[in-house]
Amino acid sequence: FPVAYTGVVGVIGSGSPVVALRADMDGLEVEEEGDIDFKSTTAGMMHACGHDAHVSMLLGAARILKEEYLQGRLKGSVRLIF
């Protein structure tokens, strides 16, 4: 479900205990100077501090946790906060 302006929360499982995992995905007000294929398309904004990696790691954790849930090995619920 959407949160604030650009956030989203995913939920795997149900009930308790509840565990939350969070990854930042905001950009910084920094002008990207490099001429690279994956350069920010928004002037004056870039992902300069590893947030892309944080989001990738949380997506990887979500994939594993979903499989654990489908196999009946996850007790409770996990909130994935992006």
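A contact here means heavy atoms within 4.5 Å. This is a predicted model, in which local features need pLDDT of at least 70, side-chain atom pairs count only at pLDDT 80 or more, and totals for chains, interfaces and linings use all residues. Residues are numbered from 1 along each chain as its sequence is written, and side-chain values use heavy atoms, with hydrogens and water left out.

**View 1. Contacts and extent of the chain.** Of the contacts with a separation of 6 or more, 63% join residues 24 or more positions apart. The C-alpha trace spans about 50 × 25 × 15 Å along its principal axes.

**View 2. Order of helix and strands.** The chain has 1 helix and 4 strands (DSSP runs, H or I of at least four residues for helices and E of at least two for strands, numbered from the N terminus). Along the sequence they follow the pattern β-β-β-α-β.

**View 3. The pair R22 and D24.** D24 and R22 form a salt bridge, their closest N and O atoms being 2.7 Å apart (a side-chain nitrogen of Lys or Arg within 4 Å of a carboxyl oxygen of Asp or Glu). R22 is exposed at 65% relative accessibility, whereas D24 is partly exposed at 26% (buried is under 20% relative accessible area, exposed over 50%, partly exposed in between, with a 1.4 Å probe and protein chains only).

**View 4. The pair E68 and R73.** A salt bridge links E68 to R73, with 2.9 Å between the closest N and O atoms. E68 is partly exposed, at 25% relative accessibility. The whole structure holds 2 salt bridges.
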